[in-house]
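Colleague: Could you take me through one part of this model in detail? I would like the definitions spelled out as you go.

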Amino acid sequence: MQLFIDQLVNGVTLGSVYALVAIGLSLIFGIVRLINFAHGEFFMLGAYILFFTFVQAQVPYGLAIVLCVVGMGLVGAIFYKIVYEPVMDRKWTAQLVATLAASVILTNAAILLFGGTQRGAPTSLSNQVLILGTLRVSYQRLLAVAVTLVAFFLLDLFITRTRIGRAMRAVSQNREVAQVVGINIRWIALVTFTVSASLAGLAAALIAPLQTISPTMGALLTLKAFAIVVIGGLGKVTGAVYAAFLVGLAESLATVYVSSEYKDAVAFLLMIAFLIWRPRGLFGQKVGI
Amino acid sequence: MQTVQRGADSTIRRPFGFAPRSFGVWTVVGAVLVVVPQVIHDSFVLDVLILAGLYVGFALTYDLTVGYVGSLSLAHPAFFGIGAYVTGLLATKLHTPILVNLIAAAVLAALFAVAVGIPSFRLSEYSFAVGTLGFATVGQVVAQNWIDVTDGPLCVTNIPKPAIFVTIDSLPAFYYLMTAAAVLILLFMHRLIGSRIGRSFKAVRENEVMAESVGINPLKYKMLAFSLGAAGAAGIGTLYAYFIGIVCPTDLALTGTLTLLVILFIGGSGSLRGVVLGAILVTALPEFLRIGDQWRLLLYGVALLLIINFLPNGLEGLFHRRSRT
């Protein structure tokens, strides 16, 4: 029972990180209909920004988080300009292959520039543990979950209340009509890439202190985030959030009750099950954000 | 539209798939392919040629799904890996001959393709890409962790050399085997895409709704292309396992898909000539430049981005531009 509760807590933390990454992916898919293969590399770059600012330059952790978010927003904008905009009007396969190329470039450039060695960026919170009866949780995990929830809240406000957020939803619902009423698709796409890369940067800033940092850390994450996006229903942001927690919980429970070797396959098995029995995702609605 | 008509033309005027005037060219090409190992004894060059032959077959079978029915599969290296593992395990544990292993590998891969294809084709073109990707990832996880059978990261080793009439254990022998396989796949593809089935593939690619309206079942033809490609990849995997003598979980890795996509995009997807040229170029060039793995992948990535932007139809597009002006 103790083990079960511990794994539930782990699952929730894992789920909140998956959610931050998957939301970005889902936003990009929902608004510009692009499957972004380089999304895990956004997370990886975010982790390196944390390493260089927090560990090497000794910037305070709070400021380092801000730098991660802003820095990745910038990376997202550059990515839009160099990778996406040139292929914007091409077939979706060409767009997908462009992001795949970008992912390979980023990973291998990171290996060549930063070296293949694993790095760590533990914060003072990583080793402090909150003890509630028999339950032990590190403060870093609590911080990750709390900040994630705040980020969801702000993102929701942004998408539902601001003018540009409404324009993003309009584009996701009907691109042509959105253009007819004067929405600039390029501008919306730029904002979408910036926001989703910053979310990946935030996820990295929160969870990298609990992991090792390496150039290849993003690869599996991209794939899992895809599985989550499919489970949640392609292009549905709220669906992706629930699916992220579902996958996080399933994965940490499977680690203990099935086998730790196969935990990385859990997300995909769930995805395949959903494709067979509920191809429209958790909530069974049409595509949209 | 244009490609559909070219395909239709070729079957009407060329009953054996080739125009009579091109027989001369093909005889020369065939003669060169046969003579090469008699003239070149450098084992490095032969190694590269064998690798190039392997990638020609590998890329052609991949293009069946990507280029002819227009579905982006990301699981091709997984089928290759299935073939390699089936062969490695059968040959080391049961000592079965190459032909049995080849058939077992191809049949198993085709069955897997059907099992993956049915759920993945269901929702949309995107879900096919994601579904095949999931399958490829699970495949690698299984190869890595099913220690009892695959030996995990320790790999399947000591695969005995195959025998077809004679034991194939030298570089020239493998060169002939691989070249024969590549040529067979090329001929098969050539006949297939000129046939009724091939025209149906292209109809599905160009316009699914229209294809359905003339009685072509898109799902059936997509599944056919996908499972044929999978069987072909597994066959190539069989030859690879014999050639290298060792099969590892990394053989199933996603980087294989990247190499294939570079080949297809450089050469021009949906064109036999383009894909063959692309495969030779992409495999041979990094070997002769003798660059490290990271630089090679970086180069592939940059090349891919540039090609997508500036040469949308690959080398094949260059041929066409020239022949039109």
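How many residues of chain B are in contact with chain A, and how many of chain A with chain B?

Modeller: Happy to! First, this is a predicted model, in which local features need pLDDT of at least 70 and side-chain atom pairs count only at pLDDT 80 or more, while totals for chains, interfaces and linings use all residues. Residues are numbered from 1 along each chain as its sequence is written, and chains are lettered from A, with ligands numbered from 1, in the order in which they are written.

To your question: 29 residues of chain B are in contact with 33 residues of chain A, where contact puts the C-beta atoms, placed from the backbone, within 7 Å. On the chain B side, α5 (98–120), α6 (125–145), α12 (255–267) and α14 (293–310) each supply at least two residues; helices here are DSSP runs of H or I with at least four residues, strands are runs of E with at least two, and both are numbered from the N terminus. The most comes from α6(B), with 11 residues. By class, this side of chain B has 19 nonpolar, 9 polar and 1 charged residues, counting Ala, Val, Leu, Ile, Met, Phe, Trp, Tyr, Cys and Pro as nonpolar, Asp, Glu, Lys and Arg as charged, and the others, Gly among them, as polar.

Helix α9 (residues 217–232) of chain A crosses α6(B) at roughly 130°, and their axes come within 10 Å; axes are lines fitted to C-alpha atoms, for helices over the stretch in contact, and angles between N-to-C directions run from 0 to 180 degrees. That makes α9(A) oblique to α6(B), since angles under 35 degrees count as roughly parallel, over 145 as roughly antiparallel, 65 to 115 as roughly perpendicular and the rest as oblique. The crossing is left-handed, a label used if the near helix is turned anticlockwise from the far one by less than a right angle, with right-handed for clockwise. From α9(A), the residues A:Leu223, A:Phe226, A:Ala227 and A:Val230 meet B:Ser127, B:Val130, B:Leu133, B:Gly134 and B:Thr137 of α6(B). This contact has 6 nonpolar, 3 polar and no charged residues.

For a pairing inside chain B, look at α4 (residues 76–94) and α11 (residues 218–244), which pack at about 50° with axes 7 Å apart. That makes α4(B) oblique to α11(B), and their crossing is right-handed. Their contact has 11 nonpolar, 8 polar and no charged residues. Chain B as a whole has 15 helices and 2 strands.

How values were computed: Two residues are in contact if their C-beta atoms, placed from the backbone, lie within 7 Å.
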